[in-house]
Amino acid sequence: MQLLNTITAGLLLGSSCLAAASPATWQRSVSQAPKKAAPKVFIVSMFEPEAAAWWGIPEFDLLAHNITIPGASPVFPDVHCTADYSVCQLITGEGEINAAITVSSIALHPFFDLTHTYFLVAGIAGVNPKVATIGSATFARYAIQVALQYEIDLRELPDNFTTSYFPQGAYAPDQYPTSIYGTEVFEVNADLRALAVSFAKKANLSDSDSAKEYRSKYTAKGYEAATKAPSVLECDVATTDVYYSGKLLSEAFDNTTEVWTNGTGKYCSSAQEDNATLQALLRTSARNLTDFSRIIIMRTGSNFDQPHPDESALQHLKYVDAGGFEPSIKNLYNAGIEVVTGILNGWNSTFKAGVKPSNYVGDIFGTLGGTPDFGPGRQQALADAGAITKRGLVRRGLMLA
């Protein structure tokens, strides 16, 4: 059974790290801590196997300092940092709510100065076999909250509907939502992404015999990418708390990605946290506590988001081991360490000052300034969200204190 196999693989993979790095043995050196820590890189992991991929590595010791942060996940309450605090790691806990609260709590904590920090979101994901294969490292420009939509049970769909999902306020899947929440799409620095990809391409990506055997079954036309060896790709991430499986859902969210990014985005990976993490960092960036142009989103493929022609969506989700979990965890480190060391080695020459984006960065509202290259435009998006403004309150005869 896939879930059981995945958990077992994760425990085996992390056992060597965890044996030497259990929470009971972590040192918390409060007396030696600086008044403020200003990490150059903050690694964002979502659960223990992703986090443990960075422990016990030769380049640095992430467990030199372990700082308990109020508001962090009760399962993962500590931020881990190197001896000089140049690299730190947080573990959000899985799912959007955990990610939003954990990242917000850490970003707002007075111990950290994150104004020049690069955030590397480094997690595993499902991948679209039309674009990528298991084991690959994908780097996103857009994160799309694909399940923030209307949904009708498939058994009750009108005959002319092709999917049970369609945007809020809309009447068909190809229409842009007219009821806006503001977390639908985030866009990060494409120039920084290009640098991160150039670093990651130096990595020797891991694979497995079982992954090679499984991906060879994707023989249908249009799935050539699935059969290739792991590689480093530029393509975008879908966020939803729902762990989905199936060709129809993949196609629906591929369409959502295209529509919501005005045809620019390319859906290839699925995750449960990224839009929540980005919303937390956007709000703190709006208060000059973080820098939204210093975010890298890396997801490595642990499984495909849909089955091959000879298995059902349920078999694919629950009963088949695709062999991708262990390589995907290893490749978080293999590709990610190239990104981290690339930033550290180029700090004075490039990264301290920041990588100026040539594209828009931010949300659908233009919260950080600039003009969004997706959505209906800032003013219409705010109107569709029902934004309350001081001017609007004055028109209603109300005043803010």
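Predicted model: local features only at pLDDT ≥ 70, side-chain atom pairs only at ≥ 80, totals over all residues.
1. Overall make-up. The protein has 401 residues, of which 55% are buried. Its secondary structure consists of 12 helices and 14 strands. The exposed surface comes to about 17,800 Å², and carbon and sulfur atoms account for 54% of that area.

2. Contacts along the chain. Taking contacts between residues at least 6 apart in sequence, 78% link residues that are at least 24 apart.

3. Disulfides in general. Two disulfides turn up when the whole structure is searched. Counting bonded cysteines along the chain, the pairing reads 1-2, 3-4. A disulfide is a covalent bond between two cysteine sulfur atoms.

4. Cys-81 and Cys-88. These two cysteines are joined by a disulfide, with an S to S distance of 2.1 Å. The link between Cys-81 and Cys-88 is right-handed, with 105° about the S-S bond. Both Cys-81 and Cys-88 are buried.

5. Cys-235 and Cys-268. Here too the sulfur atoms are bonded, and the S to S distance is 2.1 Å. The angle about the S-S bond is 75°, and the link of Cys-235 and Cys-268 is right-handed.

6. Is Cys-235 buried or exposed? Its relative accessibility is 2%, and the cut-off for buried is under 20%, so Cys-235 counts as buried. Cys-268 has a relative accessible area of 0% and is therefore buried.

7. Backbone at Asn-262. Most residues other than glycine have a negative phi. Asn-262 is not a glycine, yet its phi is positive, at about 55°. This residue is located in the loop between helix 6 and strand 13. With a relative accessibility of 43%, Asn-262 falls between the cut-offs of 20% and 50%, so it is classed as partly exposed.

8. Backbone at Asn-288. A positive phi, about 60°, is also found at Asn-288, which is not a glycine. Asn-288 lies in the loop between helix 7 (274-285) and strand 14 (295-304). Its relative accessibility is 62%, and exposed means over 50%, so Asn-288 is classed as exposed.

9. Second largest pocket: volume and centre. How much space lies in the second largest pocket? The figure is about 260 Å³. The pocket is lined by 17 residues, and those closest to its centre are Leu-154, Ser-164, Tyr-165, Leu-248 and Leu-249.

10. Second largest pocket: composition of the lining. Which element gives the largest share of the lining? Helix 6 (residues 247-260) does, with five residues. Sorted by class, the lining contains nine nonpolar, six polar and two charged residues.

11. Places to look at together. Helix 6 supplies part of the lining of the second largest pocket, and the loop between helix 6 and strand 13 carries Asn-262. A reader may wish to view the helix 6 lining, the positive phi of Asn-262 and the disulfide of Cys-235 and Cys-268 in one pass.

Terms used
Residues numbered from 1 in each chain as written. Heavy atoms only, no water. 1 Å grid on protein atoms, 1.4 Å probe; cavity = no way out; pocket = protein on both sides within 12 Å on 5 of 7 lines; lining within 4 Å. Points joined across faces, edges and corners; volume = space filled by probe spheres on them. Helix = DSSP H or I, 4+ residues; strand = E, 2+ residues; numbered from the N terminus. Nonpolar A, V, L, I, M, F, W, Y, C, P; charged D, E, K, R; others polar. Disulfide = S-S within 2.5 Å. Buried < 20%, exposed > 50% of the residue type's maximum accessible area, 1.4 Å probe, protein only. Contact = heavy atoms within 4.5 Å. Areas by Shrake-Rupley, 256 points an atom, 1.4 Å probe, with all protein chains shown as cover.
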